[in-house]
Amino acid sequence: MLPAQTGPDLRRARQRYLAHGEAPPADLVGAMLSRSWQRCLAAGLAPVGRLPSPLQLDASQIARASDRQSELVAHARPVMEYLYGQTRDSGSMVILADDRGVLLQTLGDMDFLSRAERVALMQGASWHENQRGTNAIGTAIAECAPIAIHGAEHFLERNGFLTCAAAPVMAPTGRLLGVLDISGEQRCRHPHTFGLVRAAAQMIENRLFEARHGDAIRLRFHPLPEGISTVAEGVLALTEDGCCSGANRAGLALLGLVPADLGLTPVTQVFQIRVADLVAWGRQHPGEAMPVLRHNGQRVFLRVELARGARRIVAAEPARSTPPQDAFTRLDSGDAALQTAISKARRVLGKPIALLLQGESGVGKELFAKACHESGPRQARPFVAVNCATLPENLIEAELFGYLPGAFSGARKEGCPGRIRAAHGGTLFLDEIGDMPLAQQARLLRVLQEHEVVPVGGSTPVPVDFVLICATHRNLKQDMEAGRFRADLYYRINGLTLMLPPLRERSDFAALTARVLHELSPEQPRYLDDRVAAAFARYHWPGNLRQLVNALRTACALMGDDEHTLSWDHLPDDLLDELHTQPTPLPSPHPPENLHALSNAAILRTIACCEGNMSEAARRLGISRNTLYRRMKEVRG
């Protein structure tokens, strides 16, 4: 909504235009009004003087325009009559315009109609911004947002006696159909008019939704169970293959979707629930709402309404093309960087290519390595993990390569095959390989080259066959240049290097937290308190995923059996202290001066405001999620 501007501000704005021919800055009249006045100037309009001949349809043209929007007119007329009943005798009129600003339907008080007609506020007239300047109907179309224009905020002085509030009416596909408006004399302005017209526009949108999607599964949802069946509820329709085919504006906003997502996004990417389970709930609990998690971890209450299409959706669900349901699926919560690593790893599974996983301690390198093993063709064979940083230097050779009976003092009399031979046929995971001593690096290189191992105290090589995955938090290139890591070994283990992102940089933090909570407490739903969730999103998590899992495991243990919300009282004391004392980021003393830097700063600020919800951030920024992920890569270098 555009806030009403003060008289002095508007007078200065008009003086600025008359003196310099410039539109006023946003800090003087507000961003939306400033943009509108700039568009009016670009269209060649002037606040005073004669207007170019405005569009005025004749009776036959009005009929054709109404036929083109017959669905909108049919569903809007009852709402307009209700709205007129609420505003009767207030010196105003209710107007329905199409997407081009042409007035299709009008209802008004007789004492206002004559004056309204003098400014062409009547059926068949066009109130597009290019022809009538800044006005609620035309500017709502240009901005595709609800707006109120009062008195001198109108660009044309001849319209200064009006006060107007308008809201766009969107189709269930997200396309603009028209605008609902209440106009009257500015001296009769009422502060509730803007809210009234917004609610009425939502009523029309909901009627259009019901008419278009009556034969589909419909999901009604809201963060509060009491919000269902109100004008604030979100409504979503599903296609036969379980994709989101339609939504009202509240639904798109609640889910962080944009109209372009409709028809492409499976409902399973929106809510953490299968389509078959939705149908089952709708049949077993008609009219009841259930709590469901969104994929960003936020909880909503959802009511399922079935129709004739429900049976077809259930039948079609197994045939839908779905991503591979392997061990990687359990790791994927929506972060673009992690999804890229998973996609690359999938392509080399079963091929003789060594993986090198890099990332900070605790980011989940061993979890990723296990997912590689469990998703590949050797999943039925052993997965052997060795932490090279924890093995004593004098024992690492025996642990890795094995030894014969009596090979050294203290050796077991039956000998030991060693960890490399234990991985025969499966996967060998060498964690923190950067901490392996140089002498053992040479022996490991020989094993990798010859595909055989010689036990300590022996001379006969034993053939071995395994997939190698290594991991480290160190910069092996720097260690190689400093002589701490063998170059020939580095190039042997570096078949494909994958960088796993730290927790603080992951865009799926909320969804990841929800998934961990579900895994820790599958039978008892657990949710983060909103304040805790916000603090978690700001925290830098030096221990990464390991620290998060440990904190949530402790919190779940401290929660009572009948508690569902994880609050401050359930957190470990050391983490609680850090969350309460973490500094609030200060603005840079040297703000960016070029357009690219300003754009990057706006992106980071929006993502922070959305607490890492990339879909919501993309919606606010007016770009696609793919574009946002690409820009984030540029920002991070």
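Colleague: Among contacts between residues at least 6 apart in sequence, what percentage join residues at least 24 apart?

Modeller: It's 63% for the protein chain. Keep in mind that this is a predicted model.

Colleague: Noted. How many helices and strands are there in the chain?

Modeller: You'll find 27 helices and 19 strands.

Colleague: And what share of the residues count as buried?

Modeller: Of the 637 residues, 50% do.

Colleague: Let's do electrostatics. How many salt bridges does the count come to?

Modeller: The count is 27. One of them joins the side chains of Glu305 and Arg220, at 2.8 Å from N to O. That pair links distant parts of the chain, with Glu305 in strand E10 (residues 299-305) and Arg220 in strand E6 (residues 218-222), 85 residues apart.

Colleague: Are Glu305 and Arg220 buried or exposed?

Modeller: Both are buried. Glu305 has a relative accessible area of 19%, so it falls under the 20% cut-off for that label.

Colleague: Which residues are linked with them in a network of salt bridges?

Modeller: The network takes in Glu210, Arg218, Arg220, Glu233, Arg303 and Glu305.

Colleague: Okay, what about the salt bridge of Arg484, which side chain is at the other end?

Modeller: Asp479, at 2.8 Å from N to O. Here Arg484 is partly exposed, with a relative accessible area of 44%, whereas Asp479 counts as buried at 4%.

Colleague: Switching to helices. Which residues of H24 are buried?

Modeller: Leu575, Leu576 and Leu579, in a helix that runs over residues 573-581. Seen down the axis of H24, the buried residues fall within an arc of 100 degrees, so they line one face.

Colleague: Why would residues three or four places apart point the same way?

Modeller: An α-helix has 3.6 residues a turn, so residues at that spacing point the same way.

Colleague: What does the face of H24 turned away from the buried side carry?

Modeller: Exposed residues: Asp573, Asp574 and Thr581.

Colleague: And what covers the buried residues of H24?

Modeller: The cover includes helix H22 (530-538) and helix H23 (544-558).

Colleague: What does the side chain of His570 make a polar contact with?

Modeller: The side chain of Glu563, at 3.2 Å. A polar atom of the His570 side chain also lies 3.0 Å from the backbone nitrogen of Ser567. Setting aside neighbours within four places in sequence, His570 is in contact with Thr554, Ala555, Leu558, Met559, Glu563 and Thr565.

Colleague: Another loop, then. Where does Ser126 lie?

Modeller: Between helix H6 (110-118) and helix H7 (129-132). Ser126 counts as buried, at 2% relative accessibility.

Colleague: What does the side chain of Ser126 reach?

Modeller: The backbone nitrogen of His128, at 3.4 Å. If you don't count residues up to four places away in sequence, Ser126 touches Leu55, Arg100, Gly101, Val102, Gln131 and Arg132.

Colleague: Now the surface. Which residues form a nonpolar patch there?

Modeller: Tyr82, Met203 and Val231, with about 250 Å² of accessible area together. Met203 sits in helix H9 (residues 193-212) and is partly exposed, with a relative accessible area of 33%.

Colleague: Last one. Where is Val48 found?

Modeller: Val48 is in the loop between helix H3 (31-42) and helix H4 (59-68). Val48 is partly exposed, its relative accessible area being 46%. The C-alpha atoms of Val48 and Leu156 are separated by 6.4 Å, though the two residues are 108 apart along the chain.

Colleague: Great, thanks!

How values were computed:
Residues are numbered from 1 along each chain as its sequence is written. This is a predicted model: local features need pLDDT of at least 70, side-chain atom pairs count only at pLDDT 80 or more; totals for chains, interfaces and linings use all residues. Side-chain values use heavy atoms; hydrogens and water are left out. Buried means under 20% relative accessible area, exposed over 50%, partly exposed in between (1.4 Å probe, protein chains only). Helices (H or I, at least four residues) and strands (E, at least two) are DSSP runs, numbered from the N terminus. The arc is that of the directions from the helix axis to the C-beta atoms. Contact means heavy atoms within 4.5 Å. Patches are made of residues with over 30% relative accessible area and no salt bridge: like charges are joined within 9 Å, nonpolar side chains (Val, Leu, Ile, Met, Phe, Trp, Tyr) within 5 Å. Accessible areas come from the Shrake-Rupley method with a 1.4 Å probe; for residues, only the protein chains shown count as cover. A salt bridge is a side-chain nitrogen of Lys or Arg within 4 Å of a carboxyl oxygen of Asp or Glu. A polar contact is a pair of N or O atoms within 3.5 Å; within protein, one must be able to donate a hydrogen and the other to accept it, and residues adjacent in sequence count only if both atoms are side-chain atoms.
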